[in-house]
Amino acid sequence: MRISVIGSGYVGLITGLCLADLGNEVVCIDVIESKVETINRGQSPIFEEGIDELLIRCLASERFRATIDISTVAQTDITFICVGTPSNPDGTWNIDHVRSASKAVGKALGQKSSDHVVVLKSTVIPMTCETVVLPILEAASGRRQGHGLGVAVNPEFLREGTAISDFMNPDRVVIGSGDHLSSALLRELYAPLGRPIVEVPLATAEMIKVASNAFLATKISFVNEVGNICKDMGIDFRSVAEGMGPDPRIGPLFLNAGAGFGGSCFPKDVRGIAAEAHRRGLEPLILDAVLEVNDRQPLRMVEMLARSLDINGVQVAVLGLAFKPGTDDVRESRSIPVVTKLLERGAKVVAHDYQAIEGFRKLFPEITYYDCPEDCVAEADAVLIMTAWPGYSRPEMYDDKLVIDGRGVTRSKNYEGICW
Ligand code: UGA
């Protein structure tokens with residue numbers, strides 16, 4: 001199949017490369033020329049396990065390339081819209097890029113006579129495809145849905161760090177289809193994966209994505225709250241989780257209590273659906289609490305530190321700046337509120353991460369960064385572990401220093417866990 005992908009960010013690039021690797025002919029279209037050049041040179045603009053080899057393989061196969069030329073859409077059968085939908089100040093999703101991409105794709109379809117399917121992959125408030133994307137596409141292309149134009153929603157469930165294997169081995173493929181054309185094409189496209197397909201109406205597919213992320217975020221805030229109670233009662237939550245997980249109704253995954261969730265998806269998607277509920281006059285009690293627990297959780301680590309020493313003037317090593325291990329992404333990292341609070345309270349902050357120093361330096365140029373965790377810890381009075389990088393687990397690294405572990409990675413001599 002001939003595929004165009006609008007947006008070469010995280011989701012767009014992984015989707016484009018994986019579809020090319022499955023034998024399709026793919027062109028990724030982006031407005032940033034330097035990014036397009038980087039991709040075509042064989043250099044990935046994002047850090048992701050296995051992406052460099054995949055990009056080189058796809059370029060060599062000549063089934064994959066990037067361009068800034070939107071008219072290329074007309075030479076393909078199907079277009080995926082994978083543009084960013086950041087949070088508005090009120091928490092709702094900002095769909096400006098979805099609107100502009102839809103308009104550009106619609107216009108490009110004016111130069112094509114055969115059928116075309118447009119698939120929305122970006123995370124949006126349910127109903128966006130039907131009430132925003134489709135009318136824009138129809139107006140710009142002069143086509144009608146079901147008459148030369150198909151539309152669909154196909155959310156992604158990729159996790160940073162394991163995105164390629166998540167794409168190739170999905171638990172399910174969700175297809176929100178508005179017409180036979182899009183349904184048939186997407187079923188054919190995903191058939192080689194041999195995974196279950198859930199086919200639903202457009203808005204249902206949009207809600208499956210949002211509800212899945214909101215549920216997982218709820219699970220994390222729930223275990224964090226119970227973990228806090230456990231800590232107060234002298235019970236190790238890690239053992240509690242081990243005893244809960246074997247029940248298939250609960251499941252062993254996402255029971256890691258700690259400093260809370262970050263990243264580009266969970267905080268944004270919970271805020272988005274909660275804001276929509278408020279807008280509708282509903283009271284999303286659970287979703288509001290999920291966010292509040294998550295805001296407070298990292299600050300508990302600073303409170304724990306303050307119970308052991310006077311933070312003003314001491315040197316604190318923050319280990320882990322990425323929102324989780326295996327990525328260089330610092331978006332909504334729980335280290336951000338922690339470093340902000342430590343600086344406010346007069347600490348001298350030194351920090352380490354295996355991948356995310358450059359990203360974090362843009363936010364906090366004033367703190368000192370180390371390339372090696374041992375050097376970072378060496379002169380510090382106390383250590384806060386914020387990201388579960390395996391390199392932070394060695395107890396000998398810390399000797400008898402005070403370590404406040406927000407991720408449950410170490411059992412050094414003088415450590416205190418956030419929920420154990
Ligand atoms: C998440 C979802 O897991 C993906 O299914 C989804 O496709 C993606 O968002 C998205 O919407 O694009 P991701 O943000 O890459 O993926 O990261 P996760 O591995 O889910 O972790 C998110 C955060 O939760 C991290 O900060 C992590 O440390 C935290 N977490 C995770 C916990 O605190 N405890 C856990 O048990 C699990």
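This is a predicted model: local features need pLDDT of at least 70, side-chain atom pairs count only at pLDDT 80 or more; totals for chains, interfaces and linings use all residues.

**Stop 1: the cores**

Start with Leu 305, Leu 342, Leu 384 and Tyr 398. These four have the most contacts inside the largest nonpolar core, a group of 51 residues. Leaving out residues up to four places away in sequence, Leu 305 touches Ile 311, Val 316, Leu 342, Ala 382, Leu 384, Leu 402 and Ile 404. Another core, of 41 residues, lies apart from that one; to find it, pick Ile 81, Leu 149, Val 210 and Val 270, which are among its members. As a bit of background, nonpolar side chains in soluble globular proteins tend to be buried together.

**Stop 2: Thr 387**

Next, select Thr 387, in the loop between strand E13 (382–385) and strand E14 (402–405). Is Thr 387 buried or exposed? Its relative accessibility is 1%, so Thr 387 counts as buried, the cut-off being under 20%.

Zoom in on the side chain of Thr 387. It reaches the backbone oxygen of Gly 320 at 3.5 Å, and the backbone nitrogen of Leu 321 at 3.5 Å as well.

**Stop 3: the cavity**

How many cavities of 30 Å³ or more does a search of the whole structure find? One, and the largest cavity has a volume of about 60 Å³. To see its lining, select Leu 120, Lys 121, Ser 122, Thr 123, Val 124, Val 153, Pro 155, Ala 205, Glu 206, Lys 209 and Val 210. Helix H8 (residues 202–233) supplies the largest share, four residues.

**Stop 4: a pocket**

Last, go to the second largest pocket, which holds about 230 Å³ of space. Select Asp 328, Asp 329, Val 330, Arg 331, Ile 336, Gln 355, Ala 356, Glu 358, Gly 359, Lys 362 and Leu 363 to bring up its lining. Which helix gives the most to this lining? Helix H13 (residues 357–363), with four residues. By class, the pocket lining has four nonpolar, two polar and five charged residues.

Terms used. Residues are numbered from 1 along each chain as its sequence is written. Side-chain values use heavy atoms; hydrogens and water are left out. On a 1 Å grid over the protein atoms alone, a cavity is a set of points where a 1.4 Å probe fits but cannot get out, and a pocket is an open set with protein on both sides within 12 Å along at least five of seven lines; lining residues have an atom within 4 Å of a point. Grid points are joined across faces, edges and corners, and a volume is the space filled by probe spheres set on the points. Helices (H or I, at least four residues) and strands (E, at least two) are DSSP runs, numbered from the N terminus. Ala, Val, Leu, Ile, Met, Phe, Trp, Tyr, Cys and Pro count as nonpolar, Asp, Glu, Lys and Arg as charged, and the others, Gly among them, as polar. A nonpolar core is a set of buried Ala, Val, Leu, Ile, Met, Phe, Trp, Tyr and Cys residues joined through side-chain atoms within 4.5 Å. Buried means under 20% relative accessible area, exposed over 50%, partly exposed in between (1.4 Å probe, protein chains only). Contact means heavy atoms within 4.5 Å. A polar contact is a pair of N or O atoms within 3.5 Å; within protein, one must be able to donate a hydrogen and the other to accept it, and residues adjacent in sequence count only if both atoms are side-chain atoms.
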